[in-house]
Amino acid sequence: MHEGTPEAGREAAGAEPERPTLVWAGALEPGRDPELMLHAFARVRAELPKARLRMYGEEAAPGYLAHCRAIAERLGIAAAVDFAGRPTTTADAWAAGSAVVFSALAQRSPRLLADAMLSGRAVVATEVGVAAEVLGPAGLLVPPRSPQALAAACVALLTDDERRARLGLAGRLRAQERFALEPETTAFREIYLELVSRWPAFPAAGRQPFARPAEYWVGGAPATPPAAERQTAPAGPPVAAVPAEALAEAI
């Protein structure tokens with residue numbers, strides 16, 4: 001289970017921009033592979049001359065923004081690519097596009113992907129890391145490092161309004177189901193109850209699941225154990241006190 005987000009109840013993005021627009025978001029560094037996005041977009045522009053690309057993210061590797069700009073110039077798409085920097089909110093970024101694209105070489109955290117799905121925009125992602133687990137059938141997955149596959153998926157979405165809307169809604173519902181806080185807490189509660197149900201009973205020893213309060217583990221073991229753990233010691237002869245000098249000699 002992934003961490004829930006309080007953003008699950010956020011309203012979906014509004015109307016799409018008039019021109020077909022792809023939104024890419026992530027740090028500008030090789031691991032996010034913005035170069036793949038640029039090469040794929042060059043192929044998209046060949047089929048859809050009115051298409052635009054907005055790339056949101058800050059430079060995470062020195063000189064990488066200039067490197068990406070140079071690639072866009074070399075591919076002849078610089079006029080249609082907007083390096084928009086860091087957005088005010090991620091919701092603003094998703095609303096600026098017709099579809100959202102992730103071209104990363106690794107996807108360790110689902111947060112940004114799930115956030116895009118919550119916007120109601122259709123999502124295309126490279127099939128790496130947790131992308132397939134998070135996106136499932138509610139979006140398009142393509143192999144990494146394949147500009148042909150990424151471009152084909154983007155064109156398929158931008159040229160099919162009905163499919164784009166259907167996948168956007170499916171992605172939003174999937175993200176709300178899997179990443180809202182209430183389903184997360186319910187799922188954890190069910191796991192704990194299942195574990196407790198398997199705990200064997202030891203009435204003689206008085207062992208019970210969760211017998212100690214949470215403070216027990218924070219502040220150390222109390223001087224007096226919980227009542228459930230106390231046992232009556234058998235009666236025996238009194239133990240005589242041992243003088244400190246005799247104890248020292250014995251040691």
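A word on the model before we start. It is predicted, so to speak of local features we need pLDDT of at least 70, and side-chain atom pairs count only at pLDDT 80 or more, while totals for chains, interfaces and linings use all residues. Residues are numbered from 1 along each chain as its sequence is written, and side-chain values use heavy atoms, with hydrogens and water left out.

Let's begin with the whole chain. You'll find 10 helices and six strands; these are DSSP runs numbered from the N terminus, H or I of at least four residues for helices and E of at least two for strands. The chain has 251 residues, and 36% of them count as buried, meaning under 20% relative accessible area with a 1.4 Å probe and protein chains only, whereas exposed means over 50% and partly exposed is in between. Contact here means heavy atoms within 4.5 Å. Among contacts between residues at least 6 apart in sequence, 70% join residues at least 24 apart.

Leu 53 sits in strand S2, residues 52-56, and is buried at 0% relative accessibility. Its C-alpha atom is 4.8 Å from that of Val 81, 28 residues away along the chain. Beyond four places in sequence, the contacts of Leu 53 include Leu 22, Trp 24, Met 37 and Phe 41.

Ala 15, by contrast, is exposed at 71% relative accessibility. You'll see Ala 15 in the segment before strand S1 (21-25). Setting aside residues up to four places away, Ala 15 touches Ala 95 and Arg 121.

What about cysteines? Cys 68 is buried at 0% relative accessible area, and Cys 154 is buried too, at 1%. The structure holds zero disulfides, a disulfide being a pair of cysteine sulfur atoms within 2.5 Å.

Last stop, the second largest pocket. How much space lies in it? About 260 Å³. Of its 14 lining residues, Gly 26, Gly 57, Arg 86, Pro 87 and Thr 90 are the closest to its centre. Helix H3, residues 90-95, gives the largest share of the lining, three residues. A pocket is an open set of 1 Å grid points where a 1.4 Å probe fits, with protein on both sides within 12 Å along at least five of seven lines, and lining residues have an atom within 4 Å of a point. The volume is the space filled by probe spheres set on the points.
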